[in-house]
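Biologist: Could you put the model up, so that we can go through it together?
Modeller: Here it is.
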Amino acid sequence: MITQWLYSCKWFLLGGLGLSVALAVATPVLYNSFMNSGDPEGVMTAMMLPMFAVMFSIMIPMESVNSNFANMILCRFQAFSVTTMKPIKFCFSHLAVWGIAAVYSAVCTIIPIISMSLFIDGYTDTMLLDNVKLGISLLAFFIGADYVTGALTIKLKSRDKAAILGLAVGMGIGIAAIIIALANNIDIDLMEVITAIGNNWYIVAGGMVALIATGMALMLNFIRKGELS
């Protein structure tokens, strides 16, 4: 499974690396340009650029895993794979792919972080730690959420349907959180939300463990019922 993923997604992974290099060049240039403009909106945009650089560096390599897993279900490769190993080994092999993707994403994220540390004044002292926490949170979220999506793809035979179902649940949670915030007169600011996610990375990591456990339980159940065959 690991070899198949690396072979099928090599251009996907190289594209993610290329994007990280591009962000490493563009982010400091844009940051300094917006910051020196003196425009309040430009300054706000500049403050958010490092966070977006971290987010986009992580997203593409991680997306390759779930996309490839769904494609291999449709072409019956996963059905063949599960005949050569026990279901629990199949689930942990899939988790191993996620682990490798997470390490690769972390490497891709380090590239723009190093560039920003070198070319943005004060970045190391004011934003580095927050960006690292945000990166950890996003990696945890992607692994947990996409593991569940992968399990649902086995059941629904469609990645789109699984993603829509997961999105509906996520939106429901998000709407509930917004309603609670508004009811308590709490201002909702995108930058503050992203910062809060990073600062509470350990909660996100705990959520990842819960999502992986849920996804693995679902995946095992579906495989043992013959849903993958």
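Biologist: How many cavities of 30 Å³ or more does a search of the whole structure find?
Modeller: The search finds one cavity of 30 Å³ or more, where a cavity is a set of points on a 1 Å grid over the protein atoms alone at which a 1.4 Å probe fits but cannot get out. Keep in mind that this is a predicted model, in which local features need pLDDT of at least 70, side-chain atom pairs count only at pLDDT 80 or more, and totals for chains, interfaces and linings use all residues. Residues are numbered from 1 along each chain as its sequence is written, and side-chain values use heavy atoms, with hydrogens and water left out.
Biologist: How much space lies in the largest cavity?
Modeller: About 70 Å³, the volume being the space filled by probe spheres set on the points.
Biologist: And which residues line it?
Modeller: The lining of the largest cavity is made up of Met-1, Gln-4, Trp-5, Val-65, Asn-68, Phe-69, Phe-77, Gln-78, His-94 and Val-97, lining residues being those with an atom within 4 Å of a point. Two or more residues each come from helix 1 (2–8), helix 3 (40–74), helix 4 (77–82) and helix 5 (87–119), and helix 3 gives the largest share, three residues. Helices here are DSSP runs of H or I with at least four residues, numbered from the N terminus.
Biologist: How does that lining divide by class?
Modeller: Six residues are nonpolar, four are polar and none is charged; Ala, Val, Leu, Ile, Met, Phe, Trp, Tyr, Cys and Pro count as nonpolar, Asp, Glu, Lys and Arg as charged, and the others, Gly among them, as polar.
Biologist: Changing topic, at what angle do helix 5 and helix 7 pack?
Modeller: They pack at about 155°, with their axes 10 Å apart, and are therefore roughly antiparallel to each other (over 145 degrees; under 35 counts as roughly parallel). Angles run from 0 to 180 degrees between N-to-C directions, and axes are lines fitted to C-alpha atoms over the stretch in contact.
Biologist: What about helix 7 and helix 10, parallel or antiparallel?
Modeller: Helix 7 (residues 128–156) and helix 10 (residues 201–224) cross at roughly 15°, their axes coming within 8 Å, so they are roughly parallel to each other. Their contact has 20 nonpolar, four polar and two charged residues.

Methods: Angles under 35 degrees count as roughly parallel, over 145 as roughly antiparallel, 65 to 115 as roughly perpendicular and the rest as oblique. On a 1 Å grid over the protein atoms alone, a cavity is a set of points where a 1.4 Å probe fits but cannot get out, and a pocket is an open set with protein on both sides within 12 Å along at least five of seven lines; lining residues have an atom within 4 Å of a point.
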